[in-house]
Amino acid sequence: MKKKSNKYRFLACVRTLFHNPALACLPVMLAMALPVQVHANEATLPQVEQKEALAFPAGAAGRPSYVAKWQRHFEAGNNPIGEMQSGLFCSRKGDIQWNAKTAELLLPTQVMFARFRGELQKYGYPIPVPKSTPLFVEKADENVKEAPKPVDTNLQIGVVISQVLTNLCLKGNTSWSGDAYVKLEWQVFAPDQKKVIFKTTTEGLAKVRDKSMDGPISLIPVEAFAAAARNLLSDPNFALAIQTPYDSAAAAANQATPAGPSLSAPPGTPVSIDNRVSERAGSEIAKSITELRAAVVTVLANGGSGTGFYIGSSGWLLTNHHVVGEAKVVKVRMPTGRELVAEVLRVDPTRDVALLKTEAPGVRPMPLRVDEPGIGEDVYALGSPLGDTFNTTLTRGILSGVRVLKDQEFLQSDVAILPGSSGGPLLDKSGQVVGITVAGLGAKGLAGMNFFIPLASAIDKLNLQLQSQGVKKAQ
């Protein structure tokens, strides 16, 4: 019997597609125009960290966004991106090529549009409301001036599919297993500004090996796309770009812009902080501990965590510079589990302090005390040692002394601190902040050798101005 050619099988498959588009002819379509040589191995997919997508901050103002443009990169000639297989044991049938025809099969444009919109909705991001179209177009009144067209404030998202790798196995008429990897370049464009306000690159990986998925051939590659989209939503910079005001978002979220020297120098304009003096001055800290804990957050940055605390009522936070590093935007998690995006607005690396800003959190800020506590006075540390699991841990000690190390003044105390407590507040017995946790040597066997930045020094270096009282200058 004469063997059927690829051309004959392809034409037969085209006819079959009208009846069932997911039948076994798809491996033939994807393997058409393949080089004669046979590749022995599947495509090797890189490992990708799947990050936790951030919910859009509750109550934050933001602009709806949608995917407006796609681009796919193709190399000239044959571009095998993986192996097509079939049967119970996934026997090799040929290479999957990446070109204009197969790209739309593997990653259909409309399917990706809908999937991205679904991810935005899932995590509370604003999406455009469909415009209503009138049934009839009426003649305009000549005496009435035509209203100007409203400015489009919806953010347009562009995506470049820069790399795709996939191995797919058809185990039945509509049953697929395999894996897929995508690398995407994202841009957020503000049409009213005619400006790209955010750029980043994410990766996504989907593996379906131990089971099968029923549906079209695009199922597994689209899952990889969705994973890359969630990694986009895990970036606090993206949430900031969606929020208003837009110029601020552009400045903070554009990672391509290097940090200027002004970030490490004392800014010229003082930041006014409405310090709320403790209503329970002189009372025991136990009476206000619930309020105090509510103002302490876990700062998540650079793959690690530290502690921060709210000052003033407008969303200002203090923490250590080494906690945020060179990040322009970080995520903070409140004791309730609520997550907010915070801009890093001022830092002083030498003093190891940083000023952050979130939306107003709706909690009572920490009361500040700028005069130094006395030797032997009871002090308390609040922080998130060993990560978010032990957030707002309270420990007690006494002020042991005031030390000068490397020309910097520090408060010394035996109050217990552990890694993750950096950036947290040191409190007096009334719950007023007197210092900021910066380092501890107790874990290295030197009990009582824990150090804190005097609050007055941090205020001075960050050029903060307390409305309720003067600022004592650091010595």
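What share of the contacts in the chain with a separation of 6 or more comes from residues 24 or more positions apart? The figure is 68%. Contact here means heavy atoms within 4.5 Å.

Some ground rules. This is a predicted model, where local features need pLDDT of at least 70, side-chain atom pairs count only at pLDDT 80 or more, and totals for chains, interfaces and linings use all residues. Residues are numbered from 1 along each chain as its sequence is written, and side-chain values use heavy atoms, with hydrogens and water left out.

Now the overall picture. The chain has 10 helices and 20 strands. Both are DSSP runs, numbered from the N terminus: helices are H or I with at least four residues, strands are E with at least two. Of the 475 residues, 49% are buried. Buried means under 20% relative accessible area, exposed means over 50%, and partly exposed is in between, with a 1.4 Å probe and protein chains only. The chain exposes about 23,700 Å². Carbon and sulfur atoms supply 54% of that area. Accessible areas come from the Shrake-Rupley method with a 1.4 Å probe; for residues, only the protein chains shown count as cover.

Next, helix H5, residues 219–233. Its 15 residues should span 21 Å at 1.5 Å a residue, and the end C-alpha atoms are 21 Å apart, so the two agree. The expected span is 1.5 Å times one less than the number of residues. H5 is mostly covered, with 13 of its 15 residues buried.

What does H5 pack against? Two packed helices are described by the angle between their axes and the distance between the axes. Helix H4, residues 109–122, packs with H5 at about 40°, and the axes are 10 Å apart. Axes are lines fitted to C-alpha atoms, for helices over the stretch in contact, and angles run from 0 to 180 degrees between N-to-C directions. The H4 and H5 crossing is right-handed. On the H4 side, the contact includes Val 111, Met 112, Phe 116 and Leu 120. From H5, Val 222, Phe 225, Ala 226 and Leu 233 are among the contributors. By class, the contact has 10 nonpolar, no polar and four charged residues. Nonpolar covers Ala, Val, Leu, Ile, Met, Phe, Trp, Tyr, Cys and Pro; charged covers Asp, Glu, Lys and Arg; the others, Gly among them, are polar.

On to single residues. Leu 155 sits in strand E4, residues 155–170. Leu 155 counts as buried because its relative accessibility is 0%. Ser 65 is 90 residues away in sequence, yet 4.5 Å away in space, C-alpha to C-alpha. Not counting residues up to four places away in sequence, Leu 155 touches Tyr 66, Phe 189, Ile 197 and Ile 242, among others.

Asn 79 is in the loop between strands E1 (65–72) and E2 (80–86). Asn 79 is buried, at 13% relative accessible area.

Two backbone points to finish. Asp 352 has a positive phi of about 60° although it is not a glycine. Asp 352 lies in the loop between strands E12 (339–348) and E13 (353–357), and at 12% relative accessibility counts as buried. Asn 463, also not a glycine, has a positive phi of about 55°. Asn 463 lies in the loop between helix H10 (455–461) and strand E20 (464–466).

Key
Left-handed = near helix turned anticlockwise from the far one by under 90°.
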